[in-house]
Structures are given as structure tokens and as C-alpha cells.
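User: Can you walk me through this model? I'd like the folds and the ligand site, in plain terms.

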Amino acid sequence: MIEVKNLSKRYGDFVAVDDVSFTCKPGRVTGFLGPNGAGKSTTMRIITGLTPAGAGTATINGVAYHDIPNPSTHVGVLLDASAQHAGRTGAEILRLSAMTIGAPLSRVDEALAMVSLTQEEASRRVRNYSLGMRQRLGIANALIGDPQVLILDEPANGLDPAGIHWMRTLLREYADRGGAVLLSSHLLHEIEIIADDLVVIGHGRIVAQGTKEELLAGTGAVVRGADRNHLGTALQASGVAFHDRQDGGFAVEQTPEVVGKIALDAGVHLVELRGGDGARLEEMFLQLTQQTQREQPSTQGVQ
Ligand SMILES: Nc1ncnc2c1ncn2[C@@H]1O[C@H](COP(=O)(O)OP(=O)(O)OP(=O)(O)O)[C@@H](O)[C@H]1O
């Protein structure tokens with residue numbers, strides 16, 4: 001389990017991480033989400049002992065990273081998939097890691113199999129790897145010490161949709177075996193697919209955290225009736241706040257239970273009733289992203 005408590009970090013006058021607290025639990029994949037420059041990498045670097053904290057603490061199973069003996073057997077870390085010796089083969093990199101941490105060399109083939117890199121690919125030099133292959137090698141390297149905790153900075157970067165699906169399966173199985181995973185991303189949809197819990201950061205501060213369901217559901221329900229007008233009249237009569245959706249349904253500021261009861265009482269035939277679609281999280285995330293955007297796309301020269 002990773003525990004971050006009241007973590008802060010300044011660079012001169014600039015506050016990169018501002019009183020950040022969260023936990024990343026065993027059996028769960030925690031997505032650390034925020035736009036570019038939000039403070040994700042800095043937080044991860046503090047957790048892994050690469051950057052000293054200005055204030056606060058970060059521990060892994062109750063111990064600060066630099067106090068963990070042979071840390072790679074407890075925590076697997078991938079912060080930059082390109083930070084590998086380009087002239088070495090993938091297999092060489094994994095063998096060196098295994099030897100350094102005292103893991104059996106049999107772990108090399110196991111780790112390669114876990115990330116679906118073939119022996120032929122592992123025998124190529126890293127300079128000839130695609131970004132997706134580097135990410136897989138980086139994850140294999142993180143897994144080689146058979147750690148209970150994984151910390152991955154933007155691991156889905158460079159992966160195609162099939163690669164993202166593969167990573168989701170890998171991390172899901174890892175968490176189901178009791179592992180704790182912290183992974184960062186600046187893409188809401190990417191992390192939505194993979195994570196169980198979400199920690200959202202903007203300008204160095206946590207702006208939302210909770211389970212994915214809690215955050216994506218927001219409040220409200222989406223409902224569609226066989227007869228649109230009949231449903232609209234029933235909602236109006238009940239006094240709940242709602243608005244039209246483009247698909248012919250309604251977004252209602254009430255729980256699906258309450259909306260279902262309104263429809264039942266009015267004898268409305270429903271064809272769809274579900275929790276809200278996370279529009280609030282998306283809106284909040286877009287706002288954060290816009291605030292941190294340095295350049296707006298220019299339309300100059302476009303006819
Ligand atoms: N060594 C440093 N010196 C000065 N400023 C720094 C340093 N490291 C990070 N920062 C600043 O701290 C802020 C947070 O950076 P960080 O890399 O943690 O963001 P991030 O959320 O990981 O972004 P990205 O998604 O782009 O990787 C940025 O404004 C960055 O410029």
C-alpha cells in the first residue's frame with residue numbers, strides 16, 4: 001500500500017505539489033490523473049525517493065522508499081520508458097536488473113512472457129524498439145523483482161487501443177493477486193478503462209478522489225422512455241430538475257432509483273435507465289486542462 005500524506009514540493013516560488021494526500025490500496029489500480037504539469041511525475045518521484053519532499057511523507061507499506069532494503073523486490077517502478085541503454089537488448093536489460101537485485105535469471109523469461117514480448121523482440125537492441133515495446137520492456141523491468149506495489153508514470157503512452165486493453169488485463173490480474181498499482185495519465189479516457197480508483201490533480205492540488213464509479217457517476221441519472229413526451233410530463237410533474245439529451249432521453253439530477261420510481265408511478269415504459277455518465281468529471285478535467293494549456297490551436301491560414 002502506498003500512503004501519501006500532506007506532500008508538498010516547491011521549486012523556488014513555484015509550488016509543484018501542494019498538500020497532496022492519497023492512498024493506493026492493495027487489490028486496486030489507482031489512476032493518478034491530471035493535465036500536463038499538474039504535479040504527477042513530481043509526486044511519483046518523491047514516492048520513489050528520487051526527489052526530496054518539501055513537506056509531508058510518502059511511504060510504501062509503511063516505509064519510505066529509501067529505507068526499503070532491495071526496493072525493487074517490493075516496488076516496481078517505471079518512470080520513463082525511454083531511460084534505457086539504447087545499445088542493449090531488452091533481454092540484456094532484464095538480465096542485468098535480475099542480477100542487480102538478486103532475482104533468479106528465470107524471472108527474465110517470466111517477465112517477458114508477462115508483457116508479451118517475444119524472445120526475438122527481446123534479442124533486438126532497444127534503439128530499434130517502438131515506444132509501445134519500450135513501455136512493455138519498462139513494465140517487465142518493473143515486474144522482475146516480483147514486487148507487491150507497482151508505480152508507473154504514463155505507461156499507456158504510445159500504446160495502441162489493443163495495447164491499452166492488454167495493459168488493463170495485466171494490471172487487473174496483478175491487482176487481483178493482491179498488488180497495489182499507481183499509474184498516471186493525462187488522458188481521462190485512457191485511465192477510465194484501466195483504473196479502479198482515481199486521484200485527480202491540477203496545479204499541484206488534489207481536486208477529486210474516489211472510486212471510478214463514484215467519480216464517473218457524479219450525480220444524476222440518464223433515462224429514456226418508449227414515449228418521450230409521456231416521460232417528460234412525468235418528470236415535470238414530479239418536480240425534479242432535468243434536461244434533454246441529444247439521444248432523445250433526459251439527464252435527471254436525481255438517482256436512478258428515484259427516477260425509476262417516478263416512471264413506475266406514472267406508468268411510463270422505460271427503455272433505458274442508468275447512472276449519470278461522468279459529464280461532471282469530464283467537464284472539471286477539461287477546465288483543468290484548459291487552464292494549463294499554453295498554446296491554443298491557431299486557425300490562421302485556414303480557409
Ligand atoms: N526540477 C524542477 N525544477 C523546476 N520546476 C520543476 C522541476 N520539476 C518539475 N517542475 C515543474 O513542476 C510542475 C509539475 O511537473 P510534473 O512533471 O510533476 O507534472 P506532470 O503532472 O507529471 O506533467 P506531465 O503530464 O506533463 O508529465 C511543472 O510546472 C514543472 O515544470
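Analyst: What follows goes through the overall makeup, the sheets, the cores and the ligand shell.

User: Is this predicted or experimental?

Analyst: This is a predicted model.

User: OK. How many helices and strands in the chain?

Analyst: There are 11 helices and 13 strands in the chain. The C-alpha trace spans about 70 × 55 × 45 Å along its principal axes.

User: And what percentage of the residues in the chain is buried?

Analyst: Of the 303 residues, 39% are buried. As for contacts in the chain with a separation of 6 or more, 70% are between residues 24 or more positions apart.

User: Sheets next. What is the strand order in the sheet of 6 strands?

Analyst: The order is β5-β6-β7-β3-β8-β9, in an open sheet with mixed pairing. The edge strands are β5 (75-78) and β9 (205-211); each has a single partner strand, so one side of each has no neighbour in the sheet. From one strand to the next, the twist averages 15°.

User: How do β8 and β9 run, parallel or antiparallel?

Analyst: Antiparallel: 6 bridges join β8 (residues 197-202) to β9. Among the bridge partners in β9 are T211 for D197 and G210 for L198. The two strands form a hairpin with 2 residues between them, where H203 takes a positive phi near 50°.

User: Back to β7. Are its residues buried or exposed?

Analyst: Buried. That holds for 6 of the 6 residues of β7 (residues 180-185), so the strand is largely enclosed by the rest of the structure. A180, L182 and S184 point one way from β7, while V181, L183 and S185 point the other way, and all are buried.

User: What about the sheet of 3 strands, what order is that in?

Analyst: The order there is β2-β1-β4, an open sheet with antiparallel pairing. Direction ignored, neighbouring strands are turned by 20° against each other on average.

User: How many bridges join β1 to β4?

Analyst: 5 bridges join β1 (residues 2-11) to β4. In that pairing, K5 stands opposite T57 in β4. Helix α1 packs on this sheet, touching β1, β2 and β4, and the direction of α1 makes about 115° with that of β1.

User: Switching to cores. Which residues touch the most other members in the largest nonpolar core?

Analyst: A140, I151 and V181, out of 63 residues in that core. Helix α5 (residues 131-143) gives the most to this core, with 6 residues.

User: What does A140 touch?

Analyst: Leaving out residues up to four places away in sequence, A140 touches L94, A111, L112, M114, V115 and L117. There is also a second, separate core of 12 residues, which includes V223, L231, F242 and V268.

User: Now the ligand. Which residues surround the ligand?

Analyst: The residues around the ligand are Y11, A16, G34, N36, G37, A38, G39, K40, S41, T42 and H186.

User: Which element gives the largest share of that shell?

Analyst: Helix α1 (residues 40-47) does, with 3 residues. α1 is also the helix that packs on β1, β2 and β4.

User: And by class, how many are nonpolar, polar and charged?

Analyst: The shell has 3 nonpolar, 7 polar and 1 charged residues.

User: Good, that covers what I wanted.

Terms used: Residues are numbered from 1 along each chain as its sequence is written. This is a predicted model: local features need pLDDT of at least 70, side-chain atom pairs count only at pLDDT 80 or more; totals for chains, interfaces and linings use all residues. A residue is near a molecule or strand if its C-beta atom, placed from the backbone, lies within 6 Å of it. Helices (H or I, at least four residues) and strands (E, at least two) are DSSP runs, numbered from the N terminus. Ala, Val, Leu, Ile, Met, Phe, Trp, Tyr, Cys and Pro count as nonpolar, Asp, Glu, Lys and Arg as charged, and the others, Gly among them, as polar. A nonpolar core is a set of buried Ala, Val, Leu, Ile, Met, Phe, Trp, Tyr and Cys residues joined through C-beta atoms within 7 Å. A residue is buried if 20 or more other C-beta atoms lie within 10 Å of its own, exposed if 12 or fewer, and partly exposed in between; C-beta atoms are placed from the backbone. Two residues are in contact if their C-beta atoms, placed from the backbone, lie within 7 Å. Two strands pair if DSSP finds at least two bridges between them. Axes are lines fitted to C-alpha atoms, for helices over the stretch in contact, and angles run from 0 to 180 degrees between N-to-C directions.
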